[in-house]
Amino acid sequence: MKINYRTGRQFICLLLVLFSFPLLAKSILTGEDGYRLWLKYDPVKQDQQAEEYRQQFAHWQVSGKSQTAQVIRDELENALTGLLGTSAPVAGTSGASLIVGRLAELPESLRQALKKNLPASEEGYLIKTVSYQGRPVTVITAKTDVGALYGSFRLLRLIQTHQSSRSLNIASGPKLKIRVLDHWDNLNRHIERGYAGESIWDWHKLPVYIYQRYYDYARANASIGINGTVLNNVNADPLILTPQYLDKVRALADIFRPYGIKVYLSVKFSSPQLIGGLKTSDPLNTQVKQWWQDKAREIYQKIPDFGGFLVKANSEGQPGPGDFGRTHAEGANMLADALAPHGGIVMWRAFVYANEKHEERSKQAYSEFKPLDGQFRSNVLLQVKNGPIDFQPREPISPLFGATPKTPLMMEFQITMEYLGFSTHAVYLGPLYKEVLNTDTYARGPGSTVAKVIDGSLFNQSVSGIAGVSDIGSDRNWTGHILLQANWYVFGRLAWDHSQSAADIAGDWIRMTLTNDDQAVATIEKMMMVSREVAVNYMTPLGLHHIMGADHHYGPGPWVDFLPRDDWNPVYYHKADKYGLGFDRSPTGVNAVAQYFSPLREQLSDPKTTPENLLLWFHHLPWDYKIASSGRTLWNELVYRYYQGAADVKVMAKQWQELEDKLDPLQFQQVKMAFDIQQQEAEWWRDACVLYFQQFSGRPIPEGFEKPHHTLAYYEHLSFPYAPGQSGR
Ligand code: BDP
């Protein structure tokens, strides 16, 4: 029979369409794409509570003429119209049941009642139900306009999360003064360690072309109390300080100001040479000092409330005072002196480790900075990463916390997911942040938590701060994965008040972003709360660390041993051998534990008293070492945890799947697809790591566990030259 070639091809096409059908379940999905973040303002469920909201908040008044007052008006109008279906700004306080304004602007009779309840902080607010002209009125008041803005967002959250609005009396002020996002954004819009598209700053079109996104960024930040933004990468391009770029920076600063957000810049220490035409950048050189002073003046002429500089110096190839034989304190102080007359600060990073120093990497920052305590100007903060190495899925705290009573330490957390699965792994960072903040340093006896170190209360310091390396990019949903918006959110909420619980914050975020259905909220909250531990299990259980792929940091790479520096190689960190696994940082090894205060030091010196989740961080243990909590051998426990982690991702994915009917179709679908990737990648981590370590343990994968999908050689040969977020691009 003669085959009709054309019909045959049509037949094949038809088959292809049929086979690909399951992938194309629906070609047009409409719904929430994630752009609106947690500020959706969709109508609240029509019930008794909604009726109360309407009575209380439909008629409102905002006093004051500032730009911030206008921002509050715009936000309330937009939000209350959306949430309540009705919203009417009224001309005078007499017609309003919600009154917003600075204390000084309120009618005298109200003022007296409110004064004593107002929080001390300039940025704090009070939301109180009072009786005014014979009727109940809700008042949001503060010492500053920005405080009133924060209070307004707080009230909106209350409505968004369907809480009672009767007899309100909420006073709140921030526990930390400087609450900034650090953008690792390059001027070419590539984001170092960014997984959500390119930078939202369109440097090329600034200062003229202004995107609505800049305003929405400011709104989102103000809604959680973030009051600063470092616009550019710590691996800084000196051009940021040229007049051309400063005009662009000014445009952004002008947008952010009414939202209480100050702009900061990362600067390159060698800028005087690179853009200033000087022969040196020596911080003790008179011309260099003058150059920075002039530069500071130029900046403040354009941006009178400029926040200050963030500096990465003498670290990973960045220039610094060490290049001129000067200390970090001498470098930081020179910049601090230039900024001080204008009220600016220096955030000097302690993420410093040098090749020339033959000291174990986890010890270097402490060795470098501890002796400098007391030598920094009062407008310098040391910005310290939470752990002593580098934003790993789990690290002990950096020993610097508590070690510098005379120098304020700023926390640096990573929000972007460099070591936690980029933008496809659902990992809620609230528990990680809380774990760090609640850790006791014992610096001044028991109860000297990291939170108390950074909020200044432990050493009575008046400057305090926290920074989060941003996960924001140009993706429609900002963070590449809807659930990862929660990490931006929880960072801000904890920066405001570190005593809040990660679970409560997750609950608020879910209600504002995904759904107010109680059962769905409970399921998602539980999932979020375990998600970090799940990831630790399938990536770096029991205190393993720094075993990711080379350079791009994507996926597992425990075998990597070819990078130019010893301490960039995973083999340096896990030290697997025939005897066992782990890094001996106890007194029998490199004695990194000596940098901690007693009794933490002693606790970490002995494997029996070291928390199991940090065991291999501090100890090199034999494969048959008995894990106390389970009775398993180290090898069996390792395998168990890797498999448990991967299995738990499946459970999370299934739980999500079961919520389909309760969620917006687009949000549901986006997260579902990310879970598909996360499941594959969790198994990839599991299989690659178990096979790799098995070479050393020489022990079998215990019965009952499925076989790895591929050989070790297969995993070792995977290559990802275009993995996103790489440095130096
Ligand atoms: C590391 C990142 C690198 C950053 C560095 C830093 O891989 O891209 O430049 O931290 O914090 O984790 O400076």
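Between them, domain 1 and domain 2 bury about 1400 Å², with 55% of this area on carbon and sulfur atoms. The model examined here is a predicted one. On the domain 1 side, the residues that lose the most area to domain 2 are Y150, F153 and R157, which together account for 35% of what that side buries. The contact draws on 16 residues from domain 1 and 16 residues from domain 2, while the centres of the two domains, taken over C-alpha atoms, are separated by 33 Å. Three salt bridges are counted between domain 1 and domain 2. A salt bridge also joins R219 to E75, with 2.7 Å between the closest N and O atoms.

The domain assignment gives domain 1 as residues 47–172 and domain 2 as residues 178–514. Domain 3 is made of two segments, 537–583 and 620–717. UniProt, in an unreviewed entry, lists residues 479–705 as "domain: Glycosyl hydrolase family 67 C-terminal". This span is 52% helix and 2% strand, and its end C-alpha atoms lie 35 Å apart.

Attention now turns to the interior. In soluble globular proteins, nonpolar side chains tend to be buried together. Here, the largest nonpolar core contains 226 residues, and F256, W348, W488, W656 and F693 have the most contacts inside it. Helix α21, residues 665–697, supplies the largest share of this core, with twelve residues.

Key: Residues are numbered from 1 along each chain as its sequence is written. This is a predicted model: local features need pLDDT of at least 70, side-chain atom pairs count only at pLDDT 80 or more; totals for chains, interfaces and linings use all residues. Side-chain values use heavy atoms; hydrogens and water are left out. UniProt positions are given in the numbering used here, feature names are shortened, and annotations may be inferred rather than shown by experiment. Helices (H or I, at least four residues) and strands (E, at least two) are DSSP runs, numbered from the N terminus. A nonpolar core is a set of buried Ala, Val, Leu, Ile, Met, Phe, Trp, Tyr and Cys residues joined through side-chain atoms within 4.5 Å. Buried means under 20% relative accessible area, exposed over 50%, partly exposed in between (1.4 Å probe, protein chains only). Domain bounds come from an automatic or database domain assignment. Contact means heavy atoms within 4.5 Å. Buried area is the accessible area (1.4 Å probe) that two parts lose on being put together, summed over both. A salt bridge is a side-chain nitrogen of Lys or Arg within 4 Å of a carboxyl oxygen of Asp or Glu.
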